Amino acid sequence: DDQGRFHLMNIPPLEQQLVVAGLPPSHYVKEVRHAGHAYLDRLVVLKLNAPSPDLEIVVDDKAAVLSGTVTDGGGAVRQPRLALASWPLNALDPYRSILTTVGDDSGRFQFPGLAPGDYRVLAVPEGKEAKLEETAVLLRLLADAEQVTLHEKAARILNLPLRRP
């Protein structure tokens, strides 16, 4: 409603996904609270029989932005595929820690609306993004990917080298 409240009814006790979309680039989901517990990652275990089953989503207006250009041999890379991982990775499912985007024809990219924290970022050539779906390949690439720490309202610009999976 106009107060930011929502009501979900008759949710089956299965794994569900709640997506917060439509936030301006200056905002991010800071925290999710449920049944007296604050969750900082993207995985929240709903306790439907909890004494206080409320789900509270805290949004902050101090988002960071990460942008830059992907290069290879000194030249810009056309439409690179990028993966940005909040670090450390979610222990239950590393893919819940990953955001992806595609750079433009000049290799420029942007990740707006990021929570302050530690990240790892990497870029692969167009056509190789399927390799990032192989968990072993993703983990190997992230192990020595570019490390970035973002603070509130940070605007970081990177010159990112292309990685070949």
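1. The chain exposes about 10400 Å², and carbon and sulfur atoms supply 51% of that surface; accessible areas here come from the Shrake-Rupley method with a 1.4 Å probe, and for residues only the protein chains shown count as cover. Of the 165 residues, 31% count as buried, where buried means under 20% relative accessible area, exposed means over 50%, and partly exposed lies in between (1.4 Å probe, protein chains only).

2. Before going further, please keep in mind that this is a predicted model, in which local features need pLDDT of at least 70 and side-chain atom pairs count only at pLDDT 80 or more, while totals for chains, interfaces and linings use all residues. Residues are numbered from 1 along each chain as its sequence is written, and side-chain values use heavy atoms, with hydrogens and water left out.

3. The chain has 1 helix and 11 strands, these being DSSP runs numbered from the N terminus (H or I of at least four residues for helices, E of at least two for strands). Read from the N terminus on, the elements follow the order β-β-β-β-β-β-β-β-β-α-β-β. Among contacts with a separation of 6 or more, 70% are between residues 24 or more positions apart, a contact being heavy atoms within 4.5 Å.

4. Which residues have the most contacts inside the largest nonpolar core? They are Leu-66 and Val-121, in a core of 18 residues; a nonpolar core is a set of buried Ala, Val, Leu, Ile, Met, Phe, Trp, Tyr and Cys residues joined through side-chain atoms within 4.5 Å. At least two residues of this core come from each of β4 (64–72), β6 (81–86), β8 (108–114), β9 (117–124), β10 (146–150) and β11 (155–161). Apart from this core lies another one, of 12 residues, including Ala-83, Leu-132, Leu-138 and Leu-141.

5. Leaving out residues up to four places away in sequence, Val-121 touches Leu-66, Leu-82, Ala-83, Leu-84, Phe-111, Ala-145, Glu-146, Val-148, Leu-158 and Leu-160.

6. The count of salt bridges comes to 13, a salt bridge being a side-chain nitrogen of Lys or Arg within 4 Å of a carboxyl oxygen of Asp or Glu. One of them joins Lys-30 and Asp-60, whose closest N and O atoms are 3.7 Å apart. Because Lys-30 lies in strand β1 and Asp-60 in strand β3 (residues 55–60), this pair ties together parts that are 30 residues apart in sequence. Lys-30 is partly exposed, at 42% relative accessible area, whereas Asp-60 is buried, at 8%.

7. Asp-60 also meets Lys-62 in a salt bridge, at 3.5 Å from N to O, and Lys-62 counts as partly exposed with 29% relative accessibility. Lys-30, Asp-60, Asp-61 and Lys-62 are linked in a network of salt bridges.

8. Strand β1 also holds Glu-31, which is buried with a relative accessible area of 16%. The side chains of Glu-31 and Arg-33 form a salt bridge of 2.4 Å, N to O, and Arg-33 is partly exposed, with a relative accessible area of 36%.

9. Val-20 is found in the segment before β1 (28–34) and is partly exposed, with a relative accessible area of 38%.

10. Some points of backbone geometry call for a careful check. Most residues other than glycine have a negative phi, and most peptide bonds are trans. Trp-87 and Pro-88, however, are joined by a cis peptide bond, with omega about 5 degrees, and Pro-88 has its place in the loop between β6 and β7 (98–102).

11. Where does Gln-79 lie? Gln-79 is in the loop between β5 (75–76) and β6, and although not a glycine, Gln-79 has a positive phi of about 45 degrees; this residue is partly exposed, with a relative accessible area of 22%. Lys-153, in the loop between β10 and β11, has a positive phi of about 60 degrees although it is not a glycine, and Lys-153 is exposed, with a relative accessible area of 60%.
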